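Dear colleague,

Please find the structure below, handed over for your own work.

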Amino acid sequence: MSLVLQENLASLPDASKTAAGLPASGLPSSVLPTDGLPASALPGGVSPKIGFVSLGCPKAGSDAESILTQLRSEGYDTSKTYEDADLVIVNTCGFIDDAVRESLDAIGEALQANGKVIVTGCLGAKEEGGENVVRKVHPKVLAVTGPHATHEVMSAVHLHLPRPHDPFADLVPPQGVRLTPKHYAYLKISEGCNHRCSFCIIPSMRGDLVSRPINEVMKEAENLVKAGVKEILVISQDTSAYGVDVKYRTGFVNGKPVRTRMTELTRELSQLGVWVRLHYVYPYPSVDEVLPFMNETHANGGRILPYLDIPFQHSSQRILKLMKRPASSERNLDRIRAWRDICPDLTIRSTFIAGFPGETDAEFEEMLDFLREAQLDRVGCFAYSPVDGATANDLPDPVPDDVRAERQGRFMQVQEEISRKRLARRVGKTIKCIVDEVNQDGGVARSMADAPGIDGNVFIATPDKPWKRFKAGEIVSVKIAGSDAHDLWGDVA
């Protein structure tokens, strides 16, 4: 079986396969990118090869990129097949039960095909009855680590597959090894989370919030831009809490004092000359400070995109309290109205949970009313899934499986009609789009309102004039000719 690089990292917790590893149906793939990375060699020209499988969200993908970068800097090569690999690393997801099963299956497949497997990621930190879940199911794995554990993974690699030689700085480009196409990249600004949502176990796996120094974040962003990245997607567990743990300490960016805070970070990123997209933002008042930046385009073409990824999860005050979520539905509706007043072109994406323990028919209808009132642009809905270790499992009155699924379906029907009407408003307009792919039918692009892998696409017809031709990574003007509930169609203007 081939080991490939999945180009899209889904930001939803569905354990999508996304890396230099196990193929996944429905996602585009390409060979692990090694452009500009000179091959390392042992005596005789042979380098140890490592297969890599990565599952889960962009934060897991960021961990994978860190490990791959370190592997390449130390002279290890990557393998496209289990059979040719000297060792396999599986980066796991453990957020929901389906993700756990998928991760355990991937580990089992790697063990069967190769035999030498190191496990890392969220599932690696999960215990059941005082016993590590991975070792309980797969006792033959060589080592198990939790997430954000590049050092521990490399130590295990060194133990079972000694490093080929001393690292040299020029083996890896400054931007490191990336799992995404060359024109966009994820930028992780912090690790962990201070919230204790009752349905979530991420803090138990990734710990409390730890913000990266702002100079380190900006240096990585600058290196990405120098490498040709045209869109930076800012990710964390809680982007709006960036710097809380260090009391918004002042750092230095290119000799200039800058506070470790979301507002100051977005201001600095907006000056890099590329698109910047904010993910996982909680609906705090501090978001108001960022909205004005979204109306502006820097002289060099850079801008904070008018796009917010905010996981509201529910609208019922009682259910939000049971979820231990911040804010309330009334304040959220007021904020949405205020945000759109400040930034009329704002796109809001969110996620919700249907069938949370104790959710009544009336509370579910209240969530549908919120959806109709809020008129959100992009929405995902999950039927509640019990996660081992989550405190929500102990809540009374669990909703039956069939009712959860039925509510999820009804929710998405309402949102589909909202999305269809909102996208129809763009027909006839000319909008900026970033091209992800060029093919025989023309191209696949995304507007400012679309994050890769989770939102819609803009399908561009084959250009009718030579000067209208485009290539992947270019930002082009597209006149929209058609729409449906998810995507747009148009021609280069």
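Helices (H or I, at least four residues) and strands (E, at least two) are DSSP runs, numbered from the N terminus. This is a predicted model, in which local features need pLDDT of at least 70 and side-chain atom pairs count only at pLDDT 80 or more, while totals for chains, interfaces and linings use all residues. Residues are numbered from 1 along each chain as its sequence is written, and side-chain values use heavy atoms, with hydrogens and water left out.

Two loop residues may be taken together. Gln313 is placed in the loop between strand S17 (303–309) and helix H9 (317–323). Its phi is near 75 degrees, a positive value in a residue other than glycine. Gln313 has a relative accessible area of 9% and is therefore buried (buried means under 20% relative accessible area, exposed over 50%, partly exposed in between, with a 1.4 Å probe and protein chains only). Tyr280, in the loop between strand S16 (275–278) and helix H8 (287–290), likewise has a positive phi, near 55 degrees, and is not glycine. Tyr280 counts as buried because its relative accessibility is 10%.

Asp394 counts as exposed, since its relative accessibility is 67%. From C-alpha to C-alpha, Asp394 is 9.6 Å from Ser198, although 196 residues separate the two in sequence.

Turning to the interior, a nonpolar core is a set of buried Ala, Val, Leu, Ile, Met, Phe, Trp, Tyr and Cys residues joined through side-chain atoms within 4.5 Å. The largest such core has 51 residues, and those with the most contacts inside it include Leu269, Trp339, Leu376 and Phe411. Helix H11 (residues 361–374) contributes the most to this core, with six residues. Apart from it lies another core, of 20 residues, including Ile96, Met205, Tyr282 and Phe356.

Finally, how do H11 and helix H12 (residues 401–424) pack, and at what angle do their axes cross? The axes come within 10 Å and cross at roughly 15 degrees (axes are lines fitted to C-alpha atoms, for helices over the stretch in contact, and angles run from 0 to 180 degrees between N-to-C directions). H11 and H12 are therefore roughly parallel to each other, a term for angles under 35 degrees.

Technical notes:
Parallel < 35°, antiparallel > 145°, perpendicular 65-115°, else oblique.
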